[in-house]
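Let's work through a few exercises together. Take a look at the model first, then try each task before reading its solution.

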Amino acid sequence: QLFGPLGAPKYDEYATDIKASGEHLLDVINDILDMSKIEAGRLTLELEHLDVADAVRDALRLVAGRADIAQVRLNNEIGVQPPVLADKRAVKQVLLNLLSNAVKFTETGGEVNITAEASGGWLKVAVADTGIGIPAAHLSKLGKPFEQVESQHSKKHKGTGLGLALSRSLVEMHEGVLTIESDEGVGTTVTFTLPLAATH
Ligand SMILES: Nc1ncnc2c1ncn2[C@@H]1O[C@H](COP(=O)(O)OP(=O)(O)OP(=O)(O)O)[C@@H](O)[C@H]1O
Ligand SMILES: [Mg+2]
């Protein structure tokens, strides 16, 4: 009983840290497993008619705590959209990765906007932040496994460098495209497309 009698607040704190570390490790392992599966051509999609606005709400709930701590505003401006033909788990994972990045790479007082637009058989979803941005020289390299930009900010926020690569692969498996636009010091917008159910 190194930190006093059982029941002392310290134990609570450590238990919380241990749980968070465990969850983080599980996320990393799952990302690596997913990447391996995709590269081996073994990840199959279960396509269904899906409301992306629902998936956005779910993903927002998962990053709300982190956004609160970072004092980053999350604006859900997706509105009502026609259903897409997509794999629910994949769409959630893409949204979660993009929203996590947007929150992680945005300083206090910044914001993240989620919008969508249907046209020509595709739903185009954009996650835009007012964060640190990505230097032009790095932009073309991102979206490949383990590519990360070294900066003071990123050193404070450890990650594996798999989120974007996974997201791009998952979107491309749906025949969609994922694009990253960024201005250093101004912000980043990641856009991806998914096939509309009605036309595919
Ligand atoms: N919204 C963003 N703003 C600024 N930089 C970004 C943004 N999204 C991604 N990046 C840059 O791209 C790199 C790769 O992103 P990715 O999501 O693949 O990895 P990660 O967030 O570092 O780790 P992981 O997602 O595996 O936990 C990041 O390390 C960061 O340098
Ligand atoms: Mg990430």
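**Exercise 1.** Work out how helix α2 and helix α3 pack.

Solution. Start with the geometry: α2 (residues 52-70) and α3 (residues 88-104) pack at about 30 degrees, with axes 9 Å apart. Axes here are lines fitted to C-alpha atoms over the stretch in contact, and angles run from 0 to 180 degrees between N-to-C directions. Because angles under 35 degrees count as roughly parallel, α2 is roughly parallel to α3. Next, find who touches whom, with contact meaning heavy atoms within 4.5 Å. From α2, residues including A55, L62 and R66 meet a set in α3 that includes V91, L95 and L99. Finally, sort the residues of this contact: 12 nonpolar, 1 polar and 3 charged. (Nonpolar covers Ala, Val, Leu, Ile, Met, Phe, Trp, Tyr, Cys and Pro; charged covers Asp, Glu, Lys and Arg; the others, Gly among them, are polar.)

By the way, this is a predicted model, so local features need pLDDT of at least 70 and side-chain atom pairs need 80 or more, while totals for chains, interfaces and linings use all residues. Residues are numbered from 1 along each chain as its sequence is written, and side-chain values use heavy atoms, leaving out hydrogens and water.

**Exercise 2.** Trace the strand partners of β5.

Solution. Helices (H or I, at least four residues) and strands (E, at least two) are DSSP runs numbered from the N terminus, and strands pair if DSSP finds at least two bridges between them. First, β4 (residues 111-119) joins β5 (residues 122-129) antiparallel through 8 bridges; I114 is partnered with V127 in β5. Then look at the hairpin: 2 residues lie between these strands, and G120 has a positive phi near 60 degrees. Lastly, β5 also pairs antiparallel with β7 (residues 187-195), over 8 bridges, where W122 has P195 as its partner.

Key:
Chains lettered and ligands numbered in written order. Parallel < 35°, antiparallel > 145°, perpendicular 65-115°, else oblique.
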